[in-house]
Amino acid sequence: SEKENTIKNLFSKKRGDPRIIHRPPRTFRIPQLPRISRPSKKLTIAGGVAVCIVLGALLFTTAFSSATIVIQPQKSEIPLSKQKVTVDPALALIDVGSRRIPGEEVKYIGNVSLTFSATGQKNVETRSRGAIIIKNAFSSSPQTLVAQTRFQDRETRKIFRIQRAVTVPGAKTIGGSLMPSTIEVAVVADGIGAEYNLQKGSFTIPGFQGSSKYDGFTAEAKSPFIGGFKGNSKVVTADDLKTALATFEKEARSAIDKKRAAELPERFIVIPEAEVFEIADRTAPRVGDPGEEFTITGQARLANIAFEPATLVQFFNMLLHGDAASNQTPLPKQSTLTYEAKVSKDGVLDITVSGKVALQAVVNKTLVV
């Protein structure tokens, strides 16, 4: 075809044919890139250290942006050996010069009544006993009554006698009126038997009958009259009474100790060895008194001087440090102290202290940033 002939003619033309254009080959140069020098080994290590420092600083700043400083005050324990101190209830403040600290007088009172069984038995004849309150509404002059003076119950007409001489005080004149005076006296029935056991009584003095003193001197039973008996009966033996009295004293002491424990403020302590304990107004039967049971009554009394351990520790702080005592805080709960004590006649408590006193330094907050 015409197209194929045209192509053949093109490839069959000789070199130099003007229809063929010859161009010299182009040469392309690739530009050289600048040479990168390798860093030295020392520079590499220095750079790594610098990076670590920067990263560490950044980490510290981020993780520890705030810190808490705990200040522990210094504690000290000061040994003591038989230091004498006086606890004075009349004192308001510590007196280092006289070695005295304030205290508080404490007293506890409790009424106790216990009943026991009698174990003896015999044929007995006993008289009833009791106490009466004699009243003088006659004059302001005292009146002496001799031993065995009779008192007669208005209702039963039973006679009771006082066993010792007594003087009834004179009445007092107040605002123009006469105020009767009184005195308590023990009496014993004039006869034997239970018929003299009265629950109450109002008495006159038969010896004054027919005179103006008869109505001016009267008496009332303080409590029931008991003990009158005739016949075979249980009686109180010596062993019954001895055992009962020991039990009564033990129970009275226990009751008053419980009362003290309940009423004494926690900040105070007392030294048991310095306590004064007694049983007042005790009543008890006599050996041979009849009855299935017998009763002992009395009033338990306990007295002592209490003090605060914190005050005692502060005293030793002031004694040891003087004007610098304010730089120490007493630690009474961490102090270990033992005491020897006795109550003096002038109403103070003398104690001998041994052990260790614990103190803690006061932190000056103005120095803490």
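Residues are numbered from 1 along each chain as its sequence is written, and side-chain values use heavy atoms, with hydrogens and water left out. As the model is predicted, local features need pLDDT of at least 70 and side-chain atom pairs count only at pLDDT 80 or more, while totals for chains, interfaces and linings use all residues.

Reader: How many helices and strands does the chain have?
Author: Helices (H or I, at least four residues) and strands (E, at least two) are DSSP runs, numbered from the N terminus. On that basis the secondary structure of the chain comes to 5 helices and 19 strands.

Reader: What percentage of the residues in the chain is buried?
Author: Buried means under 20% relative accessible area, exposed means over 50%, and partly exposed lies in between, with a 1.4 Å probe and protein chains only. The chain has 369 residues, and the buried share of them is 32%.

Reader: What share of the contacts with a separation of 6 or more joins residues 24 or more positions apart?
Author: A contact means heavy atoms within 4.5 Å. Of the contacts in the chain with a separation of 6 or more, the share from residues 24 or more positions apart is 74%.

Reader: Which strand is joined to E19 by 11 bridges?
Author: Two strands pair if DSSP finds at least two bridges between them. E19 (residues 349-361) pairs in the antiparallel sense with E18 (residues 336-343) over 8 bridges, and 3 bridges join E17 (residues 328-330) to E19, also antiparallel. The strand joined to E19 by 11 bridges, again antiparallel, is E1 (residues 75-88).

Reader: Which residue of E19 stands opposite Thr86?
Author: Thr329 stands opposite Gln360 in E19. Lys342 stands opposite Asp350 in E19. The residue of E19 opposite Thr86 is Asp350.

Reader: What is the bridge partner of Ile132 in E13?
Author: E4 is joined to E11 by 9 antiparallel bridges, and Ala131 has Ala186 as its bridge partner in E11. E4 also pairs with E14 in the antiparallel sense over 7 bridges, where Thr126 stands opposite Phe229. A further 5 antiparallel bridges join E4 to E13, and there the bridge partner of Ile132 is Ala221.

Reader: Which strand gives the most residues to the lining of the largest pocket?
Author: On a 1 Å grid over the protein atoms alone, a pocket is an open set of points where a 1.4 Å probe fits, with protein on both sides within 12 Å along at least five of seven lines, and lining residues have an atom within 4 Å of a point. The largest pocket is lined by 28 residues, with Arg129, Gly130, Ile226, Thr283 and Ala284 nearest its centre. E4 (120-136), E11 (181-192), E15 (276-283) and E16 (293-306) each supply at least two residues of this lining. The strand that gives the most, with 5 residues, is E4.

Reader: Is Val236 buried or exposed?
Author: Val236 is found in the loop between E14 (229-235) and H4 (238-263). Residues up to four places away in sequence aside, Val236 touches residues including Ala118, Pro285, Val287 and Phe294. The C-alpha atoms of Val236 and Val287, 51 residues apart along the chain, are separated by 5.2 Å. With a relative accessible area of 3%, Val236 is buried.

Reader: What is the relative accessibility of Val276?
Author: Val276 lies in strand E15. Its neighbours within four places in sequence aside, Val276 is in contact with Arg301, Leu302 and Ala303. Val276 counts as partly exposed because its relative accessibility is 49%.
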